[in-house]
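This briefing covers core composition, helix packing and selected loop residues. Please keep the sequence and the coordinates at hand while reading.

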Amino acid sequence: MADNEHWEGRVVLVTGAASGIGLGLARGAARAGAVVHLADRDADGVRDAAYELTADGARATAHVCDVTNGDAVRRLVDHVAAASGRLDTAFLNAGVNGVPSMMQPGGSLLDLPFEAWRRVLDVNLDGLFHGLQACARVMVAQGGGSILVTASTAGLRAEPRVSYPYVASKSAVVGLVRQAALELAGYGVRVNAVAPGPVTTNIAGPGPRDPANAAGWQASIPMGRWGSVDDVVPTALLLASPESLWTTGSVHVVDGGASVLTQLTADGLPGNP
Ligand SMILES: NC(=O)c1ccc[n+]([C@@H]2O[C@H](COP(=O)([O-])OP(=O)(O)OC[C@H]3O[C@@H](n4cnc5c(N)ncnc54)[C@H](O)[C@@H]3O)[C@@H](O)[C@H]2O)c1
């Protein structure tokens, strides 16, 4: 549970807030007393999410916004800052995959359509750029703020069970977070990322329930299970909150130990049975 002392009255924006980790972040911040603006391209989903939070007594507003539309993102961020007087914390979390991995038909580098590549990069990388830039402009002008990006362990190493554009986009996300942290530190704007391993949300599709896929994932997690949204949210909230005032440019892994498992095997890779 997030600490009310650090969240009460803070103005928070969450992208990709209609489901999964984004909804968990919005819930966590709202329950700790923050004024939460939820944004998503899923209009019904984000309205339902905001309704759930307000019914729970929280101050929450839904915004329909597709992060691939730079003008729409700028309008959203400027509107939030104007409506609530400032923007303290932005969780830039919207993301997609939906493209086969190299282990699946159509996902090999030899076959991958450029359109599938672009679709993921548009959201995960270009969408993040729009959000980072718009939030940075507001936060620099107001004299500080905190931005927390949802990266992925797939951005920290090669991962055969994840698609090319997802791995490439999340690798670029890590670089973007570090670069922005460097520039914005002197303005009092912190930029950090949480890098989850496999978490059971919509983006993971049938992963944990698909016997062909689940066993490989399971074997790669020392703690022996997929993560849940509740495994990720407390770490993300801590990094974003004023408790972490001297932390910027960090990419914090939350993955049940998967990324410390160095005994990798090439068994089962394409061309290497
Ligand atoms: N679930 C995992 O295993 C996992 C692991 C590491 C990182 N992540 C990252 O966590 C973040 C959240 O994903 P999730 O796992 O909660 O999945 P999810 O599918 O439940 O949530 C993603 C949300 O983003 C929204 N979204 C997608 N494209 C958008 C766009 N163009 N504009 C606005 N909103 C958009 C979706 O509508 C959805 O509500 C993503 O950045 C994802 O890459 C997830």
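**Contacts and packing in the predicted model**

The model is a predicted one, in which local features need pLDDT of at least 70 and side-chain atom pairs count only at pLDDT 80 or more, while totals for chains, interfaces and linings use all residues. Residues are numbered from 1 along each chain as its sequence is written, and side-chain values use heavy atoms, with hydrogens and water left out.

**The segment after strand 7**

- L269 is found in the segment after strand 7; helices (H or I, at least four residues) and strands (E, at least two) are DSSP runs, numbered from the N terminus.
- With a relative accessible area of 27%, L269 is partly exposed; buried means under 20% relative accessible area, exposed over 50%, and partly exposed in between (1.4 Å probe, protein chains only).
- L269 and M103 are 166 residues apart in sequence, and their C-alpha atoms are 7.0 Å apart in space.

**Nonpolar cores**

- In soluble globular proteins, nonpolar side chains tend to be buried together.
- A nonpolar core is here a set of buried Ala, Val, Leu, Ile, Met, Phe, Trp, Tyr and Cys residues joined through side-chain atoms within 4.5 Å.
- The largest such core has 41 residues, and L87 and I147 are those with the most contacts inside it.
- At least two residues of this core are supplied by each of strand 1 (11-15), helix 4 (70-84), strand 4 (89-92), helix 5 (114-142), strand 5 (145-150), helix 6 (164-184) and strand 6 (189-196).
- Helix 5 gives the largest share of this core, 10 residues.
- Not counting residues up to four places away in sequence, L87 touches V11, V12, L13, V77, V80, C135, V138, M139, Q142 and G144.
- A second, separate core has 33 residues, including A32, V36, L237 and A240.

**Helix 2 against helix 3**

- Two packed helices are described by the angle between their axes and the distance between the axes.
- Helix 2 (residues 20-31) packs with helix 3 (residues 43-55) at an angle of about 25 degrees, their axes being 11 Å apart; axes are lines fitted to C-alpha atoms, for helices over the stretch in contact, and angles run from 0 to 180 degrees between N-to-C directions.
- Helix 2 is therefore roughly parallel to helix 3, given that angles under 35 degrees count as roughly parallel, over 145 as roughly antiparallel, 65 to 115 as roughly perpendicular and the rest as oblique.
- The crossing of helix 2 and helix 3 is right-handed; a crossing is left-handed if the near helix is turned anticlockwise from the far one by less than a right angle, and right-handed if clockwise.
- From helix 2, L23, A26, R27, A30 and R31 meet A49, E52 and L53 of helix 3.
- This contact of helix 2 with helix 3 has five nonpolar, no polar and three charged residues; Ala, Val, Leu, Ile, Met, Phe, Trp, Tyr, Cys and Pro count as nonpolar, Asp, Glu, Lys and Arg as charged, and the others, Gly among them, as polar.

**Helix 2 against helix 8**

- Helix 2 and helix 8 (residues 229-240) pack at about 55 degrees, with their axes 9 Å apart.
- This angle makes helix 2 oblique to helix 8.
- Helix 2 passes helix 8 in a right-handed crossing.
- G20, I21, G24, L25, G28 and A29 of helix 2 make the contact with V229, V232, V233, A236 and L237 of helix 8.
- The contact of helix 2 with helix 8 comprises eight nonpolar, three polar and no charged residues.

**Helix 4 against helix 5**

- The axes of helix 4 and helix 5 cross at roughly 30 degrees and come within 9 Å, and the crossing is right-handed.
- In helix 4, G70, V73, R74, V77, D78 and A81 meet H130, G131, Q133, A134, C135, R137 and V138 in helix 5.
- The residues of this contact divide into six nonpolar, four polar and three charged.

**Loop residues**

- S241, in the loop between helix 8 and strand 7 (251-254), counts as buried at 0% relative accessibility.
- Leaving aside neighbours within four places in sequence, S241 is in contact with H6, W7 and R190.
- V67, in the loop between strand 3 (59-64) and helix 4, is buried, with a relative accessible area of 12%.
- Not counting residues up to four places away in sequence, V67 touches T15, V73, A94, V123, G127 and H130.

Note on methods
Contact = heavy atoms within 4.5 Å.
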